[in-house]
Amino acid sequence: MSTSSWQDLAKAKRDSILAAIPSKWRIQDPPSVSSQPDVTTYVEQHLSKEENQITASAADQIASRVGSGEWTAESVTRAFCHRAALAHQLLHCLHEVFFDAALEDAKSLDRYYAEHKRTRGPLHGVPVSLKDQFHVKGVETSMGYVGWLDTFEGEKGTGKEKVYESEMVTMLRNAGAVLYCKTSVPHTLMSGETVNNIIGYTLNPKNRQLTSGGSSGGEGALVGIRGSPLGLGTDIGGSIRIPAAFNGLYGLRPSTGRFPYHGMANSMDGQNTILSVVGPLATNATSLRLITQAILDQKPWLIDPMVHEIPWRYEHENSINENIHDGRGIEKRGGKLCFGVLKTDGVVNPMPPVRRAVETLVAALENAGHEVIEWTPPSHKTINDTGFNSWIFDAGKDVKGAFALSGEPMADQVKFYETLETEFKASEIATTNVELRRLKKEYLDYWNGTVDKTTTGRPVDAVISPLAPFPAARPGKYTYYGYSTWVNALDYTSVVVPITNVDKNVDIKDEGYKALSDQDKQIQDDYDPEIYNGSHVSLQIVGRRLQEEKMIAVAEYVEKLIGKQ
């Protein structure tokens with residue numbers, strides 16, 4: 001039996017990640033956070049001209065250039081491995097590095113292309129990074145737990161980690177993707193900040209004084225610094241959307257049953273009231289479409305019984321441009337859309353930069369001829385409070401067991417689990433499910449009722465909402481999740497879109513601000529224009545359940561619209 005302490009085990013793993021980085025890719029004397037908060041362009045000096053060109057490209061552009069023969073899969077993979085290696089040294093964003101295996105896979109794709117004069121699939125040669133919940137053959141999955149090291153989800157001696165892959169991983173390979181690293185998560189997965197005892201705290205590449213988000217925080221940081229063109233995370237309370245927003249990326253939180261989840265590692269597996277979902281983060285909206293189509297075209301419902309048999313629906317994608325009624329009996333092509341706008345949930349107000357982002361998007365849509373109305377739905381607090389029960393049904397038994405394997409301590413961000421003592425009874429879980437069903441119906445009726453407030457002849461098409469009260473949280477200060485978790489509780493489809501950046505000369509602190517509560521006061525007090533200056537500011541746009549095609553199309557439209565500002 002090993003007598004190594006958890007500290008020794010964590011250090012050995014931390015050292016092994018660095019050892020997997022080629023010495024020629026090591027940064028000598030990396031800059032401190034205070035001297036170089038923004039490292040998004042700093043890394044370019046360590047890359048060749050070709051590597052910078054490749055890593056500046058979006059996933060859809062890479063697929064096109066590799067598909068045309070302009071770039072090889074090997075050259076693309078090597079460039080992103082190099083940039084990912086630099087990213088980890090600056091941000092602490094990687095859990096697993098398997099660059100050599102990735103380069104061999106890339107060479108195999110190049111041989112296939114040379115022989116067949118065609119690609120293996122729509123993601124041929126596109127590097128895809130994975131949150132450390134995905135099982136990859138021959139690669140460890142720790143999910144941030146020291147006690148999971150050298151095991152399969154905490155079980156020793158099974159050898160399963162050598163042969164087992166999540167279904168989503170197999171589908172990515174079938175589509176031609178190159179897998180090369182797994183990214184950091186907060187242990188338990190239940191935090192909007194990414195911190196664990198193995199790699200420490202994952203930083204935001206645009207502003208290392210802030211968090212990269214969580215729980216797919218390593219994905220957000222890596223894609224944000226362009227160490228990956230396309231990543232996959234999971235979302236049970238905002239865990240795709242938070243890192244996407246904080247790192248200026250496009251992210252998709254699909255409804256349950258669109259992407260396969262079978263074979264993933266998870267916390268509290270078996271809790272079915274609010275399910276975690278797989279979704280992508282990318283540098284543009286078109287790449288969200290690329291990977292979503294690539295997976296749906298493989299009929300994932302045939303390998304995961306929880307996936308709906310819903311192929312990609314072009315009619316939904318095109319619905320934002322179809323003939324629509326303008327409210328005066330006139331049918332016209334490309335008629336206006338109507339958006340609801342949630343400026344505050346009444347519990348915690350957004351910080352000044354987030355409020356400006358909302359105003360910016362609303363003005364852009366209205367100037368383009370669309371309609372925006374105030375969104376005053378049933379209480380989000382009630383929805384969030386009810387949904388929160390699902391994450392404590394077992395009183396933390398699952399995560400406490402994972403910590404007990406090594407004796408490691410919980411990070412402050414998830415220590416609330418230590419205070420939980422009593423598990424929910426079956427009848428109490430049933431009561432939660434009944435109440436949540438009632439709340440979903442109430443919200444559906446409200447949404448349908450907006451048809452009386454719009455001039456399109458339809459209810460609101462989508463809802464503009466903050467994703468968090470801050471552009472990104474300061475370390476240890478992510479204390480309010482209400483703007484993200486209502487989407488999970490209702491199982492709606494949501495996309496994140498970057499809008500602007502904090503400008504300390506414009507986004508000034510509110511003097512004489514009257515707080516809604518002590519919690520609101522604490523969050524508003526955390527806003528410092530000097531610290532936040534230059535940080536990404538993003539919003540989410542929320543659609544109804546299972547509206548992935550439509551919401552990706554909306555994200556593409558908004559991307560072009562905001563780009564014209």
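I began with N196, which sits in strand β4 (residues 195-196). Strands here are DSSP runs of E with at least two residues, helices are runs of H or I with at least four, and both are numbered from the N terminus. The model is predicted, so I note the terms: local features need pLDDT of at least 70, side-chain atom pairs count only at pLDDT 80 or more, and totals for chains, interfaces and linings use all residues. Residues are numbered from 1 along each chain as its sequence is written, and side-chain values use heavy atoms, with hydrogens and water left out.

**Entry: N196**

Is N196 buried or exposed? I found N196 buried, at 3% relative accessibility. Buried means under 20% relative accessible area, exposed over 50%, and partly exposed in between (1.4 Å probe, protein chains only).

I then looked up the partners of its side chain. A polar atom of the N196 side chain lies 2.8 Å from the backbone oxygen of V185. A polar atom of that side chain also lies 2.8 Å from the backbone nitrogen of I198.

Not counting residues up to four places away in sequence, N196 touches H95, G144, V185 and H187. Contact means heavy atoms within 4.5 Å. I also checked N196 against S184: they are 12 residues apart along the chain, and their C-alpha atoms are separated by 8.5 Å.

**Entry: S215**

S215 is in the loop between β5 (200-201) and α7 (217-224). Its relative accessible area is 1%, so I list S215 as buried.

Which side chain does the side chain of S215 meet in a polar contact? I found that of S239, at 2.9 Å. A polar contact is a pair of N or O atoms within 3.5 Å; within protein, one must be able to donate a hydrogen and the other to accept it, and residues adjacent in sequence count only if both atoms are side-chain atoms.

Leaving out residues up to four places away in sequence, I find S215 touching K131, S184, V185, P186, L189, S191, T194 and S239.

**Entry: S406**

S406 lies in the loop between α13 (397-404) and α14 (426-449). I read its relative accessible area as 19%, which is buried. Apart from neighbours within four places in sequence, S406 contacts W6, V146 and G147.

**Entry: V434**

I looked next at V434, in helix α14. V434 is partly exposed, at 45% relative accessibility.

**Entry: α4 and α5**

The axes of α4 (residues 73-91) and α5 (residues 99-116) come within 8 Å and cross at roughly 160 degrees. Axes are lines fitted to C-alpha atoms, for helices over the stretch in contact, and angles run from 0 to 180 degrees between N-to-C directions. The pair is therefore roughly antiparallel. Angles over 145 degrees get that label.

I find the contact made by A73, E74, T77, R78, C81, A84 and A85 of α4 and F99, A102, L103, A106, K107, L109 and D110 of α5. By class, the residues of this contact are nine nonpolar, one polar and four charged. Nonpolar covers Ala, Val, Leu, Ile, Met, Phe, Trp, Tyr, Cys and Pro; charged covers Asp, Glu, Lys and Arg; the others, Gly among them, are polar.

**Entry: α9 and α18**

Here the axes of α9 (residues 285-296) and α18 (residues 548-563) come within 8 Å, crossing at roughly 155 degrees. α9 and α18 are therefore roughly antiparallel.

From α9, the contact takes A285, T286, L288, R289 and T292; from α18, I552, A555, E556 and E559. I sort this contact into four nonpolar, two polar and three charged residues.

Terms used. Angles under 35 degrees count as roughly parallel, over 145 as roughly antiparallel, 65 to 115 as roughly perpendicular and the rest as oblique.
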